[in-house]
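Thanks for asking me to look this one over.

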Amino acid sequence: MRRTLSQDQHTLAGAYALHSLAPSEAVRFEDHLAGCDSCRQEVRGFSETAARLAAATARTPPAGLRERVLADVARTRQLAPAPERLPEPRRRWGWGLGLVLAACLAVVVAVGAVAVDQVRQVRELRANEQRIAAVLAAPDAAYTAAEPVEGVTVSLVYSESEGRLVFSSYGLTDLEDEDYQLWLTRDDGTVTSAGVLSVHDSGVADPLLASVEEGRTSGVAVTVEPAGGSEQPTADPMMAMPLES
């Protein structure tokens with residue numbers, strides 16, 4: 001229990017005489033002593049008693065004790081000072097581990113991006129196949145075929161109700177740094193690109209699906225263009241055929 005000066009102000013004389021009070025308590029007790037004669041008497045009595053007790057137990061050290069103590073100190077092996085503790089080196093593997101984690105994260109992100117892109121491509125292919133099937137199966141699908149050059153056959157299926165056509169070919173040779181490009185032609189002589197044909201080594205081209213401008217598209221044409229295709233034809237068409245319905 002904490003002791004308070006207001007409660008024990010007359011009981012601290014002995015502790016004060018023996019210098020056992022805390023500095024703050026000693027200061028406050030000294031303020032109390034200034035106005036308390038009985039406490040001053042107790043302090044004086046305690047101090048004298050303590051002095052007598054100290055005198056009674058005091059002994060004169062034997063002669064030569066100081067010299068013997070100093071000699072023993074000189075012969076006693078002194079403990080070496082405690083080594084200064086060096087700061088712990090930084091763990092170099094922290095950076096390495098961070099780089100490894102970053103690399104792993106980059107790989108995971110890259111693999112995830114590739115997987116997402118592949119899923120997207122598969123969905124687009126399936127959707128394109130469904131649209132091609134819808135044109136081929138449409139009740140109003142019209143089929144046209146031609147052999148523009150020897151060994152090459154092309155076919156065109158157009159469905160007015162679907163608003164699309166499907167162009168396919170066989171026998172086209174694979175080109176280097178060039179592509180076969182399909183164009184939708186109009187009666188006014190203008191054309192729009194329907195895309196680049198994807199020709200395999202076997203000479204079979206993937207069916208190409210194109211949307212038709214109702215009332216404007218009158219036929220199709222194929223030209224040889226630089227790889228990737230052109231915005232406008234740069235060569236005369238190697239074949240052209242009307243759009244029949």
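Predicted model: local features only at pLDDT ≥ 70, side-chain atom pairs only at ≥ 80, totals over all residues.

1. Let me start with the inside. The largest nonpolar core has 22 residues, and those that touch the most other members are Leu156, Leu165, Phe167, Leu182, Leu197, Val220 and Met241. Strands β2 (152-159), β3 (164-170), β4, β6, β7 and β8 (239-242) each give two or more residues to this core. The largest share comes from β2, with four residues. As general background, nonpolar side chains in soluble globular proteins tend to be buried together.

2. Setting aside neighbours within four places in sequence, Met241 is in contact with Thr144, Ala145, Ala146, Val154, Leu156, Phe167, Gly219 and Val220. Elsewhere there is a second, separate core of nine residues, which includes Ala13, Leu21, Ala26 and Phe29.

3. Which polar partners does the side chain of Gln181 have? Gln181 is found in strand β4, and at a relative accessible area of 2% this residue is buried, because the cut-off for that term is under 20%. The Gln181 side chain makes a polar contact of 2.8 Å with the side chain of Ser193. A polar atom of the Gln181 side chain also lies 2.8 Å from the backbone nitrogen of Ser230. Beyond four places in sequence, the residues in contact with Gln181 are Ser193, Gly195, Val196, Ala221, Val222, Thr223, Glu225, Gly229 and Ser230.

4. Now the charged pairs: the model has three salt bridges by the rule used. In one of them, Glu213 and Arg186 meet through their side chains, at 2.8 Å from N to O. Glu213 sits in the loop between β6 (208-211) and β7 (217-226), while Arg186 is in strand β4 (residues 178-186), so this pair ties together parts that are 27 residues apart in sequence. Arg186 is buried, with a relative accessible area of 13%, whereas Glu213 is partly exposed at 30%.

5. Glu213 has another partner to look at. The side chain of Glu213 also meets that of Arg216 in a salt bridge, with an N to O distance of 3.8 Å. Arg216 is partly exposed, at 43% relative accessibility. Through shared partners, the salt bridges join Arg186, Glu213 and Arg216 into one network.

6. Arg40 is partly exposed at 31% relative accessibility, and Asp37 is partly exposed at 46%.

7. Finally, have a look at the surface. Leu65, Val69 and Val73 form a nonpolar patch there, and together they have about 220 Å² of accessible area. Val73 is found in helix α5 (residues 65-75).

Terms used. Residues numbered from 1 in each chain as written. Heavy atoms only, no water. Patch = residues over 30% accessible without salt bridge, like charges linked within 9 Å, V, L, I, M, F, W, Y side chains within 5 Å. Areas by Shrake-Rupley, 256 points an atom, 1.4 Å probe, with all protein chains shown as cover. Salt bridge = Lys/Arg side-chain N within 4 Å of Asp/Glu carboxyl O. Buried < 20%, exposed > 50% of the residue type's maximum accessible area, 1.4 Å probe, protein only. Polar contact = N/O pair within 3.5 Å; in protein donor to acceptor, adjacent residues only side chain to side chain. Contact = heavy atoms within 4.5 Å. Core = buried A, V, L, I, M, F, W, Y, C linked by side-chain atoms within 4.5 Å.
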